[in-house]
Amino acid sequence: MEKELDYDIVVVGCGVAGISAALSAAENAKKINKKLKIAILERANYDNRGGNSRWTASYMRMKNLDEVADNFVEDMMVFSDNYSDREYIETLAENAGSTLRWVEEQGVDFDYLPTMFLTSARPRLLPVGGGRAIIDTLSRRAGGLGVEIIYEATAWKLLLDDEGSINGLKVRVKGGSSLHLNIGALILATGGFQGNQEMMAQYVGRDAHKIPTVAEGGLFNKGEGIKMAMSVGAKCAGQFDAFHAEPVDPRSKREEAAVMTYPYAILVDQNGKRFVDEGKATIDEQYEAVARKIFYDLPGHIAYMISDQKMYDIPNYERALETDKPAIVADTLEDLATKIGVPADQLVETVDSFNAAIQPGDFHWDKKDGKKAIGITPPKSNWAISIDKAPFIAYPIVCSNVFTNGGLATDTYGCVLSQDNDPIPGLYAVGETAGLYYGKYPGGTSVLRGLVFGRRSGEHAVSYLSNSKKLEV
Ligand SMILES: Cc1cc2nc3c(=O)[nH]c(=O)nc-3n(C[C@H](O)[C@H](O)[C@H](O)COP(=O)(O)OP(=O)(O)OC[C@H]3O[C@@H](n4cnc5c(N)ncnc54)[C@H](O)[C@@H]3O)c2cc1C
């Protein structure tokens with residue numbers, strides 16, 4: 001038997017976007033002396049709440065706590081080939097500092113902690129304790145203001161009243177029972193669709209099921225928020241056939257088992273051949289393109305980093321190797337090739353011609369040093385050092401899915417837009433559920449935008465309810 005419950009505001013999803021929306025709604029209701037019934041629905045149990053946010057270190061593209069990194073808006077526009085919504089990005093830039101101060105006031109500390117990027121074009125500020133600290137801290141605050149969190153509850157259908165405003169939500173609870181929620185406003189913060197193989201195949205295409213999520217949290221994001229809103233006429237945004245990609249060690253089961261040391265080495269495919277300029281740019285600006293190339297262009301969707309003992313001389317190399325699996329080691333290149341299953345003669349030939357193509361110049365691990373290998377295809381633009389100090393080492397690398405780009409089109413308060421660009425009354429989408437990115441991902445912006453637009457949507461939902469007289473005075 002379906003249970004019926006009444007709420008003023010329901011937020012679906014307890015990641016950074018959902019928790020900031022719920023807390024902001026509760027704070028704004030308090031400011032105007034309204035006692036609102038606010039709930040968060042979360043598919044996972046308490047221990048697994050928070051989807052992607054639970055696993056991220058949450059790098060943020062910030063110069064300091066108050067200012068975004070230089071060229072923030074232009075970088076985001078250029079990376080998207082100008083397809084992203086400029087007004088949305090400008091709103092993000094304008095509100096990033098005040099939102100992080102708000103998160104800080106709740107009890108989260110920020111610092112420039114060491115990152116896995118040994119070279120970087122833009123600064124990265126981090127919350128101490130990562131995304132999980134944000135969820136835990138903000139949910140404690142929200143709980144203090146009366147926000148309820150209902151775990152193991154999956155939203156699957158939304159309902160409209162006669163005027164086309166959101167007024168209900170159907171929810172399945174673990175074990176098979178159902179809830180019917182009567183609601184005034186709905187904030188969708190269900191992440192992307194990386195945990196839904198059918199949608200991944202539909203939008204990303206062939207062999208999408210072979211792309212692992214970068215952490216298990218992504219598996220909870222099955223795209224219902226996006227599909228529910230599309231079923232009532234919502235417009236979409238963001239590049240549906242693309243996802244933010246990261247190169248990881250397929251042997252590792254840990255979250256974000258990244259291999260970011262390859263700029264100091266070479267990458268080869270299963271045939272033992274190089275396929276990319278491993279030193280084209282600082283690592284933060286190029287790892288996504290390399291990961292995508294491994295998936296889209298290489299046989300078996302796999303590459304191998306080939307290096308030698310000199311890698312261990314690079315200061316802080318451990319930070320860039322987040323895998324918990326050891327290097328595959330051999331005294332000769334022929335033996336290394338046998339261990340990783342690539343043709344030995346080709347691997348030897350690739351390494352020999354790479355070594356011969358290295359130009360004179362000083363090696364600097366911490367900046368683009370212009371130490372090139374030329375006359376080979378592809379060339380290497382920086383950090384070209386010979387591979388000749390045995391034992392030789394290899395790491396396998398595959399492309400992982402950090403999050404999907406396709407989502408719902410919203411205005412700068414997170415109001416979901418119809419195909420005719422009018423807000424659908426009472427419906428919001430924030431975080432990965434809102435489509436934003438095209439082309440190359442501007443690193444350190446996803447958690448940030450989840451927080452900024454989550455907070456703005458909570459505030460807007462309260463004023464929407466007040467203005468539409470859905471709140472008793
Ligand atoms: C390992 C890793 C590293 C990352 N590094 C960075 C970084 O350094 N900087 C950065 O900015 N970003 C980073 N990201 C991306 C970033 O973490 C996410 O994009 C962001 O946290 C998404 O927040 P969200 O609230 O939109 O979604 P999520 O945090 O994924 O939360 C979505 C929630 O919705 C729930 N849910 C889904 N469907 C339903 C439903 N139908 N009903 C009820 N609940 C539902 C899920 O269980 C989940 O709790 C990283 C991600 C990972 C995994």
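## Helix 1 and its packing

Two residues are taken to be in contact if their C-beta atoms, placed from the backbone, lie within 7 Å. In this predicted model, the buried residues of helix 1 pack against strand 1 (3-12), strand 2 (38-42), helix 4 (130-144), strand 8 (178-188) and helix 10 (446-467). Because 12 of its 16 residues are buried, helix 1 is largely enclosed by the rest of the structure. Among the buried residues are V16, I19, L23 and A29.

Helix 1 covers residues 16-31, and at 1.5 Å a residue it should span 22 Å; the end C-alpha atoms are 22 Å apart, which agrees. The helix is followed by N33, whose phi is positive, near 55°.

## Strand 2 and its partners

Strand 1, helix 1 and strand 2 form a right-handed β-α-β unit. Strands 1 and 2 pair in the parallel sense over 4 bridges, and V11 has I40 of strand 2 as its bridge partner. Strand 2 also runs parallel to strand 5 (residues 148-151), to which 4 bridges join it; here L41 stands opposite I150.

In a regular strand the side chains alternate between the two faces of the sheet. Both faces of strand 2 are covered, with I38, I40 and E42 buried on one side and A39 and L41 on the other.

## The ligand shell

The ligand is surrounded by 47 residues, of which G13, G15, G51, S53 and G431 are the closest. Helix 1, strand 2, strand 6 (153-160), strand 14 (392-404) and helix 10 each give two or more residues to this shell. Helix 10 gives the most, with 4 residues.

Note on methods. Residues numbered from 1 in each chain as written. Predicted model: local features only at pLDDT ≥ 70, side-chain atom pairs only at ≥ 80, totals over all residues. Expected span 1.5 Å × (residues − 1). Buried ≥ 20, exposed ≤ 12 C-beta atoms within 10 Å, placed from the backbone. Near = placed C-beta within 6 Å. Pairing = 2+ DSSP bridges. Right-handed = clockwise from strand over helix to strand, strands pointing away.
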